[in-house]
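Dear colleague,

Please find the structure below, handed over for your use.

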Amino acid sequence: MDRSPWALEHCSIAMTMDAIGLRSSVLILREAFYGVTRFDDFVRFTQGAEANVAARLKHLTTLGLFTKHPYREHGKRTRDEYMLTDKGKDLMPVLLALMQWGDKYLQEGGTPVRVTERTTGDPVRIVARGSSGADLGVGDITIAVSGE
């Protein structure tokens with residue numbers, strides 16, 4: 001592929017990694033997919049420092065991956081819950097693909113979490129699939145600079 005008209009600053013992979021590539025951001029997103037919405041729970045389940053989690057949540061909210069919604073428990077001050085937006089939810093296949101790869105190549109003795117389809121209980125598998133419905137490998141796809 002001739003990549004001479006292509007510029008790194010326009011690479012969607014690089015832009016995505018710049019946006020969410022920090023480990024702490026990915027772990028916060030993982031927890032959001034698991035149903036976590038409250039700051040203290042993000043801190044607890046990611047085992048991150050409060051200042052770091054606060055900075056990452058602010059960044060992810062600024063990117064439009066979360067929205068903040070106020071809540072108040074009886075006798076306590078008003079705080080914010082962090083809810084995934086559609087933009088944030090669209091990262092689900094990315095995180096599941098990372099999990100699937102880690103399960104296959106990094107885990108020994110089984111996977112720590114199972115992901116199944118709610119209605120059937122069947123395992124979820126993330127794959128590249130063409131319009132024909134066939135699973136595709138690296139050798140089955142062509143990559144070209146847009147406009148060619």
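**Pockets, core and loops**

Helix 2 (23–33) and helix 6 (92–105) each contribute at least two residues to the lining of the largest pocket. Please bear in mind that this is a predicted model.

*Overall layout*

The protein has six helices and four strands. Read from the N terminus, its elements follow the order α-α-α-α-β-β-α-α-β-β. Along the principal axes, the C-alpha atoms fill a box of roughly 60 × 40 × 30 Å. The radius of gyration of the protein is 19 Å, whereas a compact globule of 148 residues would have one near 15 Å. Of the 148 residues, 22% count as buried. Among contacts between residues at least 6 apart in sequence, 45% join residues at least 24 apart.

The largest pocket holds about 750 Å³ of space. Its lining comprises 22 residues, of which R30, Y34, L95, L96 and M99 are the closest to its centre. Helix 6 provides the largest share of this lining, with seven residues. By class, the lining of the largest pocket consists of 14 nonpolar, three polar and five charged residues.

The second largest pocket has a volume of about 230 Å³. Among the residues that line the second largest pocket are L96, M99, Q100 and D103, together with T111, V113, R114, V115 and T116. P123, V124 and I126 also belong to the lining of the second largest pocket. Seven residues of this second lining are nonpolar, three are polar and two are charged.

Leaving aside residues up to four places away in sequence, L60 touches I20, S25, I28, L29, L65 and F66.

Which residues of helix 2 are buried? They are S25, L27, I28, L29, E31 and A32. The cover over these buried residues includes helix 1 (12–20), helix 3, helix 4, strand 1 (66–72), strand 2 and helix 6. Helix 2 is followed by G35, which has a positive phi near 110°.

*Two loop residues*

Q47 lies in the loop between helix 3 and helix 4. Although Q47 is not a glycine, its phi is positive, at about 55°. Most residues other than glycine have a negative phi. Is Q47 buried or exposed? Q47 counts as exposed because its relative accessible area is 72%, and the cut-off for exposed is over 50%.

E108 is located in the loop between helix 6 and strand 3 (128–129). The relative accessibility of E108 is 75%, and E108 therefore counts as exposed. E108 and R72 are 36 residues apart in sequence, and their C-alpha atoms are 43 Å apart in space.

With kind regards

Terms used:
Residues are numbered from 1 along each chain as its sequence is written. This is a predicted model: local features need pLDDT of at least 70, side-chain atom pairs count only at pLDDT 80 or more; totals for chains, interfaces and linings use all residues. Side-chain values use heavy atoms; hydrogens and water are left out. On a 1 Å grid over the protein atoms alone, a cavity is a set of points where a 1.4 Å probe fits but cannot get out, and a pocket is an open set with protein on both sides within 12 Å along at least five of seven lines; lining residues have an atom within 4 Å of a point. Grid points are joined across faces, edges and corners, and a volume is the space filled by probe spheres set on the points. Ala, Val, Leu, Ile, Met, Phe, Trp, Tyr, Cys and Pro count as nonpolar, Asp, Glu, Lys and Arg as charged, and the others, Gly among them, as polar. Contact means heavy atoms within 4.5 Å. The radius of gyration is taken over C-alpha atoms; the globule rule is 2.2 Å times the number of residues to the power 0.38. Buried means under 20% relative accessible area, exposed over 50%, partly exposed in between (1.4 Å probe, protein chains only).
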